[in-house]
Amino acid sequence: MGVFFKGFLLGFSIAAAVGPISVLCMKRTLAHGRWIGFISGLGAATADALYALLAAFGLTVATLFLVKQQSWVQVLGGSFLIYLGIQTIRSPVSRSATLRPFGGSLGAYSSTLLLTLANPMTILSFTGVFAGAGLSVQSDTILRGATTMVLGVFLGSAVWWVILTLLIGRLRERVTQKRLQGINLLSGAVITLFGLWQLWRVFSAPKLQ
């Protein structure tokens, strides 16, 4: 259980960090309801669990490949953020739960999954934590420990998104159409800025790998 709670706290803390996924999930919760907001967060939780899985089971080749190609992955992720930001600004404003984003639940889930996977450096955080916990793939006992920690990461991240969407959802009916329009423009601008910042970080580096 100690290993599980380490993973749970790690997943929760990574999900709780303020970033474009948080802004996107809050905006979707206000515009489309708690379910779309939560399923968007679940996409991020899945990506966290996948990176934790790579770190826990020591898939060195995959890890090195992702880290080596991080610049190109981040370019794609930043470009996608800019696209989402512009689409958010241009999208019609409505509090109707029947109005769904492009692709519905699947689109909400897959978009945040891909955006979170566009930050390969996350895997190094998991690798450091797992190494500190003494996890490797040398025995069945350690395999179970690694699996338990990965499960904890996923559930910790998922719990954060439940909390966030429930809290934002409580505010949903109090937000007027005019305020929702302002929130829409602000969140779209913030997401776009996150994308531009990510591209700037990549291209301002000494060399694009």
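What is the mean pLDDT of the protein, and what percentage of its residues reach 70 or more? Then take me through helix 2.

Modeller: The mean pLDDT (the predictor's confidence in each residue, from 0 to 100) is 75. Of the residues, 67% reach 70 or more. This is a predicted model: local features need pLDDT of at least 70, side-chain atom pairs count only at 80 or more, and totals for chains, interfaces and linings use all residues. Numbering runs from 1 along each chain as its sequence is written, and side-chain values use heavy atoms, without hydrogens or water.

Helix 3 (residues 34-56) has the highest, at a mean of 87. Helix 4 (residues 60-68) has the lowest, at 59. Over residues 136-140, pLDDT stays under 50. There the model has six contacts (heavy atoms within 4.5 Å) beyond four places in sequence. Where pLDDT is low, the predicted coordinates should not be read in detail.

Now helix 2. Helices here are DSSP runs of H or I, at least four residues, numbered from the N terminus. Helix 2 covers residues 20-32, 13 residues. Expected span is 1.5 Å times one less than the number of residues, so helix 2 should span 18 Å. Its end C-alpha atoms are 18 Å apart, which agrees.

Among the buried residues are Pro20, Ile21, Val23, Leu24 and Leu30. Lys27, Arg28 and His32 are buried too.

After helix 2 comes Gly33. Its phi is positive, near 105°.

How values were computed:
Helix = DSSP H or I, 4+ residues; strand = E, 2+ residues; numbered from the N terminus. Buried < 20%, exposed > 50% of the residue type's maximum accessible area, 1.4 Å probe, protein only.
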